[in-house]
Amino acid sequence: MKEIPSPIVYKSISELMRDMDMPKPLHPLVALVNYEREKGGRELAGQKFLIDFYKISFKKEFSGQIKYGQGYYDFEEGGMAFLAPNQLITMSTDENCLEGYTLFFHADLIRNYPLGKNIQQYGFFTYAVNEALFLSDKEKKVIAGLFENIADELNNNTDAFSQDVLVSQIELLLNYSNRFYNRQFLTRKAIHHDLISQMDTYLEARFANQSGGIPTVPEVAKHLQVSPRYLTDMLKSLTGQSAQQHIHDRLIEKAKMILSSTRLTVAEIAYQLGFEHPQSFNKLFKRQTNLSPNVFRKSFN
């Protein structure tokens with residue numbers, strides 16, 4: 001059997017820039033590649049590698065399919081994609097993908113700043129590649145301006161405030177990306193409402209299955225072919241609830257129906273809905289309704 005080569009592991013941005021035949025980074029913990037000026041990057045074409053830092057790609061005009069992370073991303077007239085540290089990347093063999101900007105920054109750059117503690121709130125770093133951010137022309141101008149500001153600061157990082165400025169500019173870039181993702185959720189509302197309908201249909205089937213435990217967010221996301229964080233962020237944008245809250249709401253609605261229309265005991269209902277212990281069902285029901293299952297049932301007598 002042919003041995004599958006192990007991915008290359010890059011702990012430092014300088015190592016990656018060297019192997020991409022790119023200029024040495026102007027800051028050891030951050031590098032910005034402008035493909036209009038830098039023509040390297042072909043040396044790693046087709047290679048799989050892991051990087052120990054964040055990666056943000058911005059394609060201005062490119063339209064087509066490129067390899068990104070472990071999947072393919074269709075850039076419709078440009079857009080953005082995000083990767084967190086220690087995700088597997090396959091460098092595209094398509095020369096057309098070398099367009100726009102790519103920003104790399106190490107977690108150590110932001111470790112002593114509020115962003116270091118808060119970066120987990122930017123869920124798009126864990127989105128799947130088909131959940132990338134598509135930008136309007138106006139949004140592209142904003143993002144391009146932010147990358148240019150980062151480039152200017154990297155070229156003039158001569159004082160003690162430079163790292164503070166760089167971190168604040170990266171945080172601003174992430175905040176704008178959050179804003180534009182929220183816009184994307186809203187402008188694709190019809191598509192996402194179809195996704196919610198598929199989710200509810202799946203949950204109804206699972207509740208009727210009487211096995212397999214309570215549906216989990218990763219399980220539902222896998223069925224819908226989206227990432228768990230994307231599912232939660234999409235639901236929060238459209239309904240104000242997380243994916244977990246949505247599952248619990250549907251679970252309690254199903255429980256109410258059974259309580260009001262059958263003579264099954266509370267324990268039997270709990271087991272039917274996937275709870276291992278009736279006490280857990282009682283606790284969730286009371287938290288969601290301010291009533292115990294038995295008190296709720298008595299209101300129908």
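Modeller: Strand β4 (residues 54–59) has 6 of its 6 residues buried, so the rest of the structure largely encloses it. This is a predicted model, where local features need pLDDT of at least 70, side-chain atom pairs count only at pLDDT 80 or more, and totals for chains, interfaces and linings use all residues. Residues are numbered from 1 along each chain as its sequence is written, and side-chain values use heavy atoms, without hydrogens and water.

Biologist: What makes a residue buried, and what makes a run a strand?

Modeller: Buried means under 20% relative accessible area, exposed over 50%, partly exposed in between (1.4 Å probe, protein chains only). Strands are DSSP runs of E, at least two residues; helices are runs of H or I, at least four; both are numbered from the N terminus.

Biologist: Which residues cover each face of β4?

Modeller: Tyr54, Ile56 and Phe58 lie on one side, and Lys55, Ser57 and Lys59 on the other. All are buried. In a regular strand, side chains alternate between the two faces of the sheet.

Biologist: How do you know that β4 pairs with β9 (residues 101–105)?

Modeller: Pairing needs at least two DSSP bridges between two strands. β4 and β9 have 5, in the antiparallel sense, so they pair. Ser57 stands opposite Thr102 in β9. β4 is also joined to β7 (residues 79–83) by 5 bridges, running antiparallel. There, Ile56 stands opposite Phe82.

Biologist: Why is Glu268 called partly exposed?

Modeller: Its relative accessible area is 41%. Glu268 lies in helix α10 (residues 266–272).
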